[in-house]
Amino acid sequence: MNNLKELFPILDQSFNGLPVVYLDSAATTQKPTSVIEALNKYYREINANPHRGAYTLSVMATDSFEQGREKVKDFINAKSSKEVIFTKGTTEALNLIAYSYGNFNLNKDDEIVIGITEHHSNLIPWQQIAKAKGCKLNYFYLSPDYEYTQEEIDKKITSKTKLVAIGHASNVLGTLNPVEYIIHKAHAVGAKVVVDAAQSIAHRKVDVQKLDADFLVFSGHKMFAPMGIGVLYGKQELLEEMPPFLYGGDMVEYVYEQETTFDELPHKFEGGTQNVEGVIGLSEAIDFINSIGIDNIMKHEHEIISYAYDKLNELGFVKIYTTSNKDLLGSVISFTIDGIHPHDLATILDSKGVCVRAGNHCAQPLMRYLNINSTCRLSVSVYNNKEDIDALVSALEYARRLFGYGSK
Ligand SMILES: Cc1ncc(COP(=O)(O)O)c(C=O)c1O
């Protein structure tokens with residue numbers, strides 16, 4: 001794949017004379033020129049409140065917004081655009097499912113199962129619902145190679161399981177979770193499955209019909225679109241039965257003094273003024289991904305992440321927290337270096353122009369399970385290349401020297 005950095009203006013900058021080596025796309029991706037220009041065009045030519053005006057600008061804003069929904073529908077292969085609900089992001093989408101579906105379908109002594117690797121936004125909503133409804137919250141735990149085995153999944157999904165919420169790929173370990181197997185097992189006992197695709201949507205084909213996911217969620221900003229826009233996919237028959245989550249303008253049919261009837265899907269779940277700019281950016285981001293081809297993206301990133309895995313291993317002083325099975329490796333690797341706190345390490349890497357994340361990555365239960373406080377995390381996207389990994393490796397060697405370890 002050609003070097004795509006030039007399509008991302010922010011990567012053309014330098015700080016202290018050093019080029020930006022951006023290895024934090026799991027937190028948020030950078031934005032290609034096409035997306036930035038689409039936002040600019042929106043405010044110059046189209047901006048108006050959608051769904052509300054009879055005048056041309058408002059109709060144009062409505063059309064752009066609804067075309068964006070069609071684009072998302074095709075991108076994830078949903079059956080109908082009624083199954084595509086726009087949210088602020090993954091977090092809001094997961095809360096919507098927990099409070100609307102969970103509150104009305106889960107009962108005392110039902111079991112909810114989630115992974116120990118879940119991001120807090122796919123953990124706390126289930127914890128809260130479990131407490132409110134008297135459900136039991138169970139966890140899939142990891143094998144020594146940081147994977148969920150079939151044995152573990154078979155053990156945790158029981159006849160009492162009513163809901164399973166699982167990340168498609170871990171934002172800390174980078175491992176791809178066996179979501180197909182989990183969905184198959186959950187459906188066999190009549191449980192519904194929520195897939196958090198925040199860390200897979202920009203990296204591999206996500207086909208909701210093929211997966212047979214009941215719900216699937218993701219954020220635009222992790223797939224080249226702006227912040228503040230996300231998607232909740234849900235099977236139509238489930239969404240039809242669920243009550244609204246946010247009440248207010250635009251999501252109603254008739255409002256009386258004491259009663260209200262609600263609009264049809266998808267608008268029933270989209271209360272208040274919507275993020276048209278975000279949807280336009282998301283739509284453009286999907287065009288960007290399609291122009292490269294999601295399979296090409298996956299292949300390219302796999303090459304880079306495998307290279308990173310090998311290079312970190314070769315250093316000999318880096319502890320890696322991810323699977324050794326490269327087929328199950330997504331676009332993220334967490335690591336630590338003995339004797340250097342991850343925050344110090346990230347700051348030293350920054351002094352060499354290398355941007356990585358340090359901390360608990362919104363996964364405190366996982367950190368406790370692994371008996372650590374934090375890690376450094378590198379993550380890759382379309383614009384990264386092997387030189388970026390080489391820059392990281394040489395910055396890691398520099399950090400070791402700075403702390404007086406070894407001669408490397
Ligand atoms: C796996 C996963 N789930 C959920 C989220 C939350 O996404 P957002 O902050 O965009 O709502 C993230 C963000 O890092 C994530 O990586």
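The protein splits into two parts, domain 1 (5–23 + 294–402) and domain 2 (35–290), with bounds taken from an automatic or database domain assignment. This is a predicted model, in which local features need pLDDT of at least 70, side-chain atom pairs count only at pLDDT 80 or more, and totals for chains, interfaces and linings use all residues. Residues are numbered from 1 along each chain as its sequence is written, and side-chain values use heavy atoms, with hydrogens and water left out. Taken over C-alpha atoms, the centres of domain 1 and domain 2 are 28 Å apart. Where they touch, domain 1 puts in 37 residues and domain 2 puts in 28 residues, contact being heavy atoms within 4.5 Å.

Now for the ligand. Residues around it (a heavy atom within 4 Å) include Thr-90, His-119, Asn-171, Asp-196, Ser-219, His-221 and Lys-222. Sorted by type, this shell has 1 nonpolar, 8 polar and 2 charged residues.

Some of these residues get a grip through polar contacts (pairs of N or O atoms within 3.5 Å). The side chain of Asp-196 has an N or O atom 2.6 Å from a ligand nitrogen. Ligand oxygen atoms pair up with polar side-chain atoms too: 2.7 Å away for Ser-219 and 2.8 Å away for His-221.

Note on methods. A polar contact is a pair of N or O atoms within 3.5 Å; within protein, one must be able to donate a hydrogen and the other to accept it, and residues adjacent in sequence count only if both atoms are side-chain atoms. Ala, Val, Leu, Ile, Met, Phe, Trp, Tyr, Cys and Pro count as nonpolar, Asp, Glu, Lys and Arg as charged, and the others, Gly among them, as polar.
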